[in-house]
Amino acid sequence: MSAHPSIPPRVRVEDDRTSMHPAALRRAFSDHVQFSRSRDEEAATPFDKYVALSLAVRDRLVSRWSATQRGYYEQNVKRAYYLSAEFLLGRALLNNLQALGIESAYRAVLRDMNLDLNELLELEPDAGLGNGGLGRLAACFLESMATLGLPGYGYGIRYEFGIFEQVIRHGAQVERADEWLRFGNPWEIERPEYAVKVGFGGHTEMRTNAGGSYRVVWHPGERIVGVPYDTPVAGHGNSTVNSLRLWGARASEEFDFALFNAGDYVRAVQAKNDSEVVSKVLYPNDNFEAGKELRLRQEYFFVACSIADIVYRYKKTHETFDQLSDKVAIQLNDTHPAIAIAELMRVLVDVHHVEWDQAWHQTVKCFGYTNHTLLPEALERWPVALFRRMLPRHLEIIVEINRRFLREVMDASPGDPARVRRMSMIEEGPDANVRMAYLAVVGSHSVNGVAKLHSHLLKTELMRDFSDLYPERFNNKTNGVTPRRWMLACNPSLSELITQRIGEGWVNDLSRLSDLVPHADDADMRARLRLVKRANKEALVPIIKNLTGVDVDPASIFDVQIKRLHEYKRQLLNALHIVALYLRLKRGKHVTPRTFIFGAKAAPGYRMAKLIIRFIHAVQVVVNGDKQNQSLRVAFLPNYRVSLAEKIIPAADLSEQISTAGMEASGTGNMKLAMNGALTIGTLDGANIEIRDAVGPDNFFLFGLTADEVTERKRHGIPGRVALDGNEELREVINLVAAGFFNPQEPDLFRPIIEELLGRDQYMLMADFGAYSECQEQVAAAYEDQDTWSKKALLNIANMGSFSSDRTITEYARDIWKVEPVQISVPSYTSDGSE
């Protein structure tokens with residue numbers, strides 16, 4: 001006992017910061033309310049309590065985070081670096097609670113304090129640093145790397161404003177800034193001591209040394225500073241905590257005192273404002289020249305910071321670059337970070353004076369490239385003039401890479417100048433462009449697609465010339481999603497039911513879901529699954545009402561299409577079918593009750609996509625407003641995002657995966673919905689093919705043209721109006737829309753849609769409408785038999801084990817990165833602070 005009773009006992013920081021004991025969890029929460037938020041518990045706001053809880057959870061991640069990085073250094077492991085312009089993270093608190101295994105403990109602690117964990121979870125803003133599947137995939141991959149114990153890092157941009165907040169006004173999308181950082185971010189840690197200076201513009205100078213060899217020096221015309229912000233990425237059920245490092249832009253000089261003292265206050269801070277716009281907003285509208293320039297600046301900014309960081313980390317334990325590719329694997333998530341290849345060459349050759357051939361050998365062995373699109377227009381091309389002005393040294397490097405590469409092409413295919421032109425990284429013409437995808441392919445030892453069909457089309461169509469030259473580089477890595485977020489966290493009742501039947505091992509080994517197959521014949525299991533689905537649907541009903549004002553019936557089919565708005569994803573096909581059902585209803589025909597649920601954002605500059613949103617809303621107004629209609633409801637839920645998807649997916653009965661065959665690289669929403677018990681209606685596109693193979697054709701509603709049939713139809717130039725012959729229902733739908741029925745105030749509003757459909761019908765909506773409508777009749781008939789539907793749903797869940805991102809990342813690590821798991825251990829503390 002202390003000789004001075006008034007002096008409190010010594011605080012054991014390790015205990016309260018790391019202990020999982022309920023008493024320590026409560027103290028940690030209360031301490032953060034008082035000392036991090038400067039509040040007593042009575043005065044603390046709900047947001048104060050959310051932040052305090054997040055910080056208490058982060059404390060428990062930090063010791064594991066430090067141990068993880070220490071373990072990687074001590075064991076001198078090879079690391080995988082994932083470069084992505086997008087990380088659609090969503091909320092972090094619940095996933096981190098579950099990863100640490102303290103969700104139930106904190107629920108009890110908070111309940112004793114008259115607090116509801118669910119209410120605090122809803123206060124966390126989505127980290128919307130992505131546009132759609134690309135960014136969400138990156139987030140799933142980082143979580144799987146940590147869960148598998150793989151030494152992995154994510155690199156991206158800390159956008160001050162993420163994907164825009166979507167507001168619907170008079171049926172039209174209006175974009176508002178997504179101020180996700182308005183109240184700070186309790187998960188990130190700023191690391192200004194690791195800031196990186198990034199150059200732009202200027203000129204290059206060739207210098208010759210005493211030995212007669214030459215080197216190039218780049219003199220940038222301007223510099224900005226990249227400041228890293230680190231976010232912990234926790235593995236589920238282990239001690240691994242990896243890092244996501246996001247770069248924020250800062251001015252190299254915050255303030256021009258000379259201008260300020262001269263009274264020019266605006267110009268005094270102009271440089272600061274110009275610099276920091278680089279990380280201001282996700283994906284500026286590149287329909288304008290200024291937007292194109294900003295996007296290229298963004299891409300080079302985060303790539304330059306990341307390569308500098310990777311090289312710095314490597315140089316801490318290595319004197320030469322002979323082992324670079326033995327310790328570094330860099331994965332390019334699509335073409336956005338492809339400039340990293342030229343940047344690594346610049347750093348090796350210009351800064352560290354590595355001989356070109358050795359630098360190129362190491363560069364190619366370091367890089368892997370994941371292609372995410374089969375749309376040629378989506379492959380990035382940058383004007384040579386823009387490149388020359390913004391990144392003069394990188395253009396020189398790309399030109400030299402291209403010169404050497406084209407020599408290789410000519411040697412492999414002598415007398416074939418057309419092939420040389422096709423494969424050149426510099427697209428010649430009056431407006432010459434740099435083809436970034438070609439740089440990515442040539443500069444990487446691995447090029448992968450993200451579904452079997454996508455990878456096949458990548459090799460045989462989009463990149464055929466490159467596949468002929470480098471067949472060993474091309475491979476497939478079918479996408480996956482993390483079951484921790486997309487089942488355990490978002491669908492706890494289903495997760496509990498599964499665990500009751502087959503144990504909890506499925507959470508980290510999704511292949512064990514196959515143990516559910518025998519239970520599909522169990523009537524009690526099917527009945528329980530129906531109860532789970534009904535409860536999830538009833539939970540979604542008030543959310544729909546709150547967001548849209550629409551009352552929906554949980555007994556109806558919840559028909560769900562939630563994804564980025566693009567013409568090839570064919571939300572318009574879905575909407576046209578709704579019109580057809582509405583017309584049947586008006587004729588007195590029976591229509592199985594359905595609630596059509598949409599969630600989609602259109603790119604701000606994508607006019608047709610935004611017009612389709614207006615059309616869906618116009619249909620929604622007419623269908624929902626018809627008092628004679630008791631069967632159909634349409635609900636477009638605004639501001640679709642990760643946290644909203646987590647509420648919709650568990651409630652879905654039918655998953656709309658209806659993209660034009662051959663255009664969707666993979667899709668991951670199809671996986672999330674199927675593993676939560678939704679049946680799929682879809683085309684033979686992307687990962688749909690593999691999902692159908694896995695769950696069985698009897699448990700998948702298939703329709704539509706194949707990719708080969710789409711190609712053939714396009715080759716013949718068959719117009720969409722041909723589909724009207726023999727399909728009177730389609731003709732009636734088109735005529736109704738064309739007559740302005742859904743928007744009589746502006747009868748010509750939807751004319752561009754009609755002209756596209758009747759004309760080239762690029763995305764085959766008219767061609768596929770008949771098959772889609774017929775398939776939807778099969779859906780309606782199947783839903784009438786609820787017990788059989790439940791069996792199909794259970795077989796979907798049971799056969800989705802291969803669509804875990806754990807499987808995908810295991811394949812990347814084994815086949816591309818050559819990265820091994822690392823065992824991380826941390827000291828465990830008891831409630832009294834002793835080890």
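A: Here is a walk through the salt bridges, pair by pair. Keep in mind that this is a predicted model. The structure holds 58 salt bridges, so let's pick out a few, since side chains of opposite charge can pair when their charged atoms come close.

Start with E122 and R91, whose side chains meet at 3.3 Å, N to O. E122 sits in the loop between α6 (117-121) and β3 (127-129), while R91 is in the loop between β2 (87-90) and α4 (93-100), so this pair ties together parts that are 31 residues apart in sequence. R91 counts as buried because its relative accessibility is 14%, under the 20% cut-off. E122, at 42%, counts as partly exposed.

Next up is R419 with D468, where the closest N and O atoms are 3.9 Å apart. R419 is buried at 17% relative accessibility, and D468 is partly exposed at 46%.

Then there's K545 with D551, a salt bridge at 3.3 Å, N to O. K545 has 39% relative accessibility and counts as partly exposed. D551 comes out at 52%, which means exposed, as the cut-off for that is over 50%.

Finally, some salt bridges share partners: R191, D230, R245, D309 and R313 are joined into one network that way.

Methods
Residues are numbered from 1 along each chain as its sequence is written. This is a predicted model: local features need pLDDT of at least 70, side-chain atom pairs count only at pLDDT 80 or more; totals for chains, interfaces and linings use all residues. Side-chain values use heavy atoms; hydrogens and water are left out. A salt bridge is a side-chain nitrogen of Lys or Arg within 4 Å of a carboxyl oxygen of Asp or Glu. Helices (H or I, at least four residues) and strands (E, at least two) are DSSP runs, numbered from the N terminus. Buried means under 20% relative accessible area, exposed over 50%, partly exposed in between (1.4 Å probe, protein chains only).
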